[in-house]
Amino acid sequence: SRQAVSKISRIFNLKKIGHGGTLDPLATGILPIALGEATKLISFMQSKKKKYSFTIKWGEATDTDDIEGMILKTSNSRPNKKEIQSALQSFIGKIHQIPPNFSAIKINGERSYNLARKNITIDRDPVKIYISKIDLIDYQGDEVTFSVTCSKGTYVRVLGSDIAKKAGTHGYLISLQRISVGNYEIKDSISIDNLRKSWK
């Protein structure tokens, strides 16, 4: 997300620029960008609901909760559709979630991902989040795709891992796409490459 902001800053030759919510390195999708005076609205933008599409691969857990991490645990269990749907009910409404080791939160002044890279694990306080809706979209045995509408501060990687545990197995994200932030939809977004071409 920071790299995207830097690229757009160079395109417009602007220093006053920010984004409306960090995306994981793995993720694709919409990243609202504020320029100039619009940066004053970033906190308002970040507080809006977000919608994601994500795919879990069953059978393994990683230290990052996604495909970029190291495998820590394995399981031969594969939940069926009924078991998955039952597990999803536990995640609707107000829930607590423990931020992952590999996250941008600060612990004693240092980013958690920097500590994780040094193999330092520190207890992280759970945070309150709100899941408005979560649906099973596609079931392909080992790989299952969901959509979720959630509050600010939700780690979808952790949600995927927790769903897997609730369904009686392990799992990690192999894809993650942010579909919307508030009223901003991915269908209305523009790629950085196209932005660069249109601004020349």
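The structure is a predicted model, in which local features need pLDDT of at least 70 and side-chain atom pairs count only at pLDDT 80 or more, while totals for chains, interfaces and linings use all residues. Residues are numbered from 1 along each chain as its sequence is written, and side-chain values use heavy atoms, with hydrogens and water left out. The protein contains 6 helices and 13 strands; these are DSSP runs numbered from the N terminus, with helices (H or I) of at least four residues and strands (E) of at least two. Of its 200 residues, 42% count as buried. Buried means under 20% relative accessible area, exposed over 50%, and partly exposed in between, with a 1.4 Å probe and protein chains only. Among contacts (heavy atoms within 4.5 Å) with a separation of 6 or more, 67% join residues 24 or more positions apart.

**Nonpolar cores**

- A nonpolar core is a set of buried Ala, Val, Leu, Ile, Met, Phe, Trp, Tyr and Cys residues joined through side-chain atoms within 4.5 Å.
- The largest such core has 27 residues, and Phe54, Phe146 and Ile163 touch the most other members.
- At least two residues of this core come from each of β4 (50-58), α3 (81-88), β10 (127-140), β11 (143-150), α5 (156-166) and β12 (171-181).
- A second, separate core has 6 residues, including Val5, Ile11, Phe12 and Ile17.

**Phenylalanine 54 and phenylalanine 146**

- Phenylalanine 54 counts as buried, at 0% relative accessibility, and phenylalanine 146 also counts as buried, at 0% relative accessibility.
- Beyond its neighbours within four places in sequence, phenylalanine 54 is in contact with residues including Ile134, Phe146, Leu159, Ile163, Leu173 and Leu176.
- A pair of aromatic rings is described by the distance of the centres and the angle of the planes.
- Rings of Phe, Tyr and Trp (its six-membered ring) pair if their centres lie within 6.5 Å; planes under 30 degrees apart count as stacked, over 60 as edge-to-face and the rest as tilted.
- The count by this rule is 2 aromatic pairs.
- In one of them, the rings of phenylalanine 54 and phenylalanine 146 are stacked, because their centres are 5.3 Å apart and their planes lie at 20 degrees.
- This pair links distant parts of the chain, with phenylalanine 54 in strand β4 and phenylalanine 146 in strand β11, 92 residues apart.

- In α1 (residues 2-12), the buried residues are Ala4, Val5, Ile8, Ser9, Ile11 and Phe12.
- They lie on the same side of α1 because they cover an arc of only 160 degrees around the axis, the arc being that of the directions from the helix axis to the C-beta atoms.
- Arg2, Gln3 and Arg10 are exposed on the other side of α1.
- The cover over the buried residues of α1 includes β1 (17-19), β3 (33-35) and α6 (192-199).
- The axes of α1 and α6 come within 10 Å and cross at roughly 5 degrees; axes are lines fitted to C-alpha atoms, for helices over the stretch in contact, and angles run from 0 to 180 degrees between N-to-C directions.
- This makes α1 roughly parallel to α6, a label for angles under 35 degrees, whereas those over 145 count as roughly antiparallel, 65 to 115 as roughly perpendicular and the rest as oblique.
- Ala4, Lys7, Ile8, Ile11 and Phe12 of α1 meet Ile192, Leu195, Arg196 and Trp199 of α6.
- Asparagine 13, which follows α1, has a positive phi near 55 degrees.

**Helix α5**

- Helix α5 is largely enclosed by the rest of the structure, because 8 of its 11 residues are buried.
- Among the buried residues of α5 are Val156, Leu159, Gly160 and Ile163.
- The buried residues of α5 pack against β4, α3, β7 (93-97), β10, β11 and β12.
- Serine 161 lies in α5 and counts as buried at 7% relative accessibility.
- Not counting residues up to four places away in sequence, serine 161 touches Asp65 and Gly171.

- Glycine 21 is in the loop between β1 and β2 (28-29) and is buried, with a relative accessible area of 10%.
- Leucine 136 is in strand β10 and counts as buried at 18% relative accessibility.
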